[in-house]
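Visitor: Please walk me through how to read this entry.

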Amino acid sequence: MTPLTPMDANETLLRMENVNIVFSSPDEADIEAVRQVDFTLTRGKTLALVGESGCGKSVTARAILRLLDKNARIDHGRILFSADGGEPTDIAALGSDSKAMRSIRGNRISMIFQEPMSSLSPVHTIGDQIDEMIMLHDDVEQKSARERTVELLDQVGIPGPRQRADSYPFQLSGGLRQRAMIAMALACKPDLLIADEPTTALDVTTQAQILDLLRALQAEYGMAMLFITHDLGVVAEIADEVAVMYLGDVVEQGNVFDVFRAPQHPYTRALMSSIPRMTRRAQRERLNPIQGNVPSPRNRPEGCAFTTRCPHAFAPCSSVHPGRTPAGEGHWARCHLLTHEDAPRVEGILQPGVPAIEGDRA
Amino acid sequence: MTTLLKVEDLSKTFTLRSGLFGEIMSLEALSDINLTVKAGETLAIVGESGCGKTTLGRCIVRALEPTEGRVTYTPEPGRDVELSALKKRELKPWRRDIRMIFQDPMSSLNPYMRVFDLVAEPLRIHKAARGAELERRVVSTLEKVGIPRDALQRFPHAFSGGQRQRIGIARALVLDPKLVIADEAVSALDVSIQAQILNLLEDLKADFGLTYIFISHDLGVVNYLADRVVVMYLGHIVETAPTEALFERPRHPYTEVLLEALPIADPTRRSRRHEAVKGEIPFLGNRPKGCPFHTRCKFAEDRCRTEKPALRPINGGETHAACHFAETLDLKGAYGPAPATGTYA
Amino acid sequence: MAVTTHVPVAAEPEASAERRAPTGRESQVRMTWRRFKQHQLAFVSLWIVVLFYLVAVFAEFIAPMDASTYNPRYTYAPPQGIHFVAVDPDGSWHFGPYVNGYKTEIDPEALRRVFTIDPEVRHPLGFFVESEPYRLLGFIPMQHKLFGTVEPDAPLYVIGADRLGRDQLSRLIHGTRISLSIGLVGVVLSLVFGVIIGGFSGYYGGWFDGAVQRVIEFIRSLPTIPLWLGLAAALPRDWGPLQTYFAITLILSLLGWTELARVVRGRFLALRTEDFVTAAQLDGASDYRIIVRHMVPSFMSHIIAATTLAIPGMILAETALSFLGLGLQAPIVSWGTLLQDAQNIRTLAGAPWLLSPGIVVVVAILAMNFLGDGLRDAADPYGR
């Protein structure tokens, strides 16, 4: 199969290929939390992984760092990581605690979390923690490490960085803490930054600051970013590409402008019509939410996972898992509506036998 | 429209004491709040964490005791009840009229009670119904919020977040209230579930003839739901205006900052923001002198650092703002370019 | 009123109906019970504890003899053991429980009576044998015992006899009643103090809470044994057994309530800020209703667990006091007073069965601790 996402071999940093992640428990059948995930991360670009709680977006991100819980494993698939343009390493094949994996983790790939308190040590100053990170990776003395730390703290917009380096995490506000964690993540100039809902716990003005900061840092460091969020507004602000997840499937993926302008999967469309638009009274439309609740992964419907809640479901949906269907350059969706001649007609979805709307096919 | 609830000069000060003989520190969570709620409207109270919006909601229902000020409720024209002056026992009948929906549907339902009893509890407390009548009212309220009859005997833990919030709403509505205070009622829910609940709240408002005080940090939701908006910052009201006027042309720099910071789900509007606001929300304990926002305001002048601006009507209209320069500042709203036929002047 | 029909959300699509429906209707009590049953050690302990209390309640009926019936002929008689199959010299077999009789010899050197079991003499045992008339629990007139020798005067010392030729087993059974009930009564008293004081402290807070906490800290900082000794020594010598009994329970619970008060206060403090309690306040519920209907069910299970864990402490305290001779006094039979007989090492060498109350204490305490642990784990929904 030719890759659906066009890529320049030199710029591609990480490629997920057909990754399945399975959770097992002693008394119940295995659960496929994530299935057939493919995506590519490119230097200098941001891929946003968006979905509601329990869709598998965090699990996918943790799989890249091999930080999965003990009862979870990558069942099959490859995670190809090529940091220096050489032969790619398959992260999925490495031991999660192997030397190779440890040198990738923190050195090449860093991660920031929703709650910085959980990843910062409460008993050390943030300066000491970042110093240690730098010394671990660069083999420099404490003094020059501290210089770099101060530089980093300044870069992430912490006022008075030299004094703040001596603060403990609990002495900082939520926004500053998140900045400190970003500084720590950047300490060894990673190629890839994974951000797991980094702004969810913050106030809107702080969130805007952090998003601005991440964008600026990405431009400076040229790193790829995998941004996990449930907020379509944040996606629109920060992403170059977006992958929409539902119950462990990536149901639609593509350039952020294409996906927001002409979403092709009914779930993406439903998500978009679930958020209130910033419009005047006159253009106000009643929200059109998805019926019902997300089923638990152990009761995932056969075929397309979204069948039970999809307003357009028809014959094959409940039995056949739809494949990836292109809907434009680098834009695809997993939906039978896009491929079946006898599918019900839905306005705005590119269907066989329906003339494309002008400008929709790139 | 008639006034349903009036808050006058409301202040709330928390005192903290560190240790047994420690210093007493007082935090003024609300200072001199004045607002009116008109019958039938949805009034949104917005602001970031620590702005006092939740405290204000709780002071209105007397879950917290206000330090100063009056809350007056007008159940019918010509009859004013000063809620803040009533004793706990005297307050009870009014608790039927003013109800609250909580943010966290997990913790606001007693885990040891079945759905039926949860919803019947307010009726039992107020002796509003019994026997078959009680059952009928509970079942019909639950049906209206979309909880099926066969769920009556279940416990809250058997429901998803969205369904629990529906049960919470049924508890608020079963007493046929007039005013419902929804404190971040949809914030904890997933996007698609949030939309279900927003639609439900909208329908119920029409069905029951309700008035809402909708406390939220999410301006997108507020724009969708509210008729009027109150913007709070560090315990002060900085601006209050009809929704469309506020989003079209904010009058207080903080409102503009909030609107700018709001992520909008449209990548083509990404560039509307020049730069996020500087700095952080100050700690309540050392609130700046003068205008509380001056430390972060890009328009701040010397006057702002010394003189606290009062909340005053702007251009004689409905909009009130607490900014010395509210008339002259040219602030950006959140809407896109105005449609051809401009509706707003 | 206009009614919009909202599409009812399917009962629980989040998990399949069959999977969730039964648990959805399951009350917290039943969930706790289900989790408790998975805790095997605790479940076994529950039966042991139940057995102990049954013995305590029906002590007069179960014990083959009265606690004070003595027979100087059988001083320090060794355990007979119960036999079920007898083989006659002629090779014929007899089935049915019996005990052997004793042969008495005088040890010529020590000039002491020495008992040996006489396999020739058999005293058959029976269920519901007739006995002297007695009153079960002090008011039900009875004439039968659970088991005993069919011949009324035959000796029955299954686990041996004590210094006065009293049946150790019967004394142990009677002692079980006193020791277990002293634990229970003591804990009930502590519970009353603890729940009231801790409840007020936690619900209203403020200066009262501060004062109560300081008092609790003070009481808990006192070394317990000397304090008990002091209090017990202060009891008038001329008090009857019943008065002493209640005085001792009171002493124990005066110190025991602090622990329970802390548990109750902690739960109240945690619950007071819960949204559902605020919700009940906003419903207009009275303090009484909030406490009884909303707060108590939420910590009932914790209280039960804490109570269960407090009982063994009481029992041990009573045993210790009585063993030291400062608790209950001679005519009253408790595990502690029984162990007093085992204080003398020489007696113990000759009659090791006098240590049997110690074994019983260990089994009872362990079972109650396991039971309390199991209850606590089961009551905590986030435990596992």
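Predicted model: local features only at pLDDT ≥ 70, side-chain atom pairs only at ≥ 80, totals over all residues.

Guide: Residues are numbered from 1 along each chain as its sequence is written, while chains are lettered from A and ligands numbered from 1 in the order in which they are written.

Visitor: How many helices and strands does chain A have?

Guide: Helices (H or I, at least four residues) and strands (E, at least two) are DSSP runs, numbered from the N terminus. Chain A has ten helices and twelve strands. The radius of gyration is taken over C-alpha atoms, and the globule rule is 2.2 Å times the number of residues to the power 0.38. For chain A the radius is 22 Å, close to the 21 Å from the rule for 362 residues, so the chain is as compact as a globular protein of that length. Its C-alpha trace spans about 70 × 50 × 45 Å along the principal axes.

Visitor: Is strand β8 of chain B buried or exposed?

Guide: A residue is buried if 20 or more other C-beta atoms lie within 10 Å of its own, exposed if 12 or fewer, and partly exposed in between. In β8 (residues 211–216) of chain B, six of the six residues are buried, so the strand is largely enclosed by the rest of the structure. Thr211(B), Ile213(B) and Ile215(B) point one way, and Tyr212(B), Phe214(B) and Ser216(B) the other way.

Visitor: Which strands pair with β8(B)?

Guide: Two strands pair if DSSP finds at least two bridges between them. Strand β3 (residues 42–46) of chain B runs parallel to β8(B) over five bridges, with Ala44(B) as the bridge partner of Phe214(B). Strand β7 (residues 179–183) of chain B is also parallel to β8(B), joined by five bridges, and Asp183(B) stands opposite Ile215(B). From β7(B) the chain crosses through helix α6 (residues 191–208) of chain B to β8(B) in a right-handed β-α-β crossover (with the strands pointing away from the viewer, the path from the first strand over the helix to the second runs clockwise).
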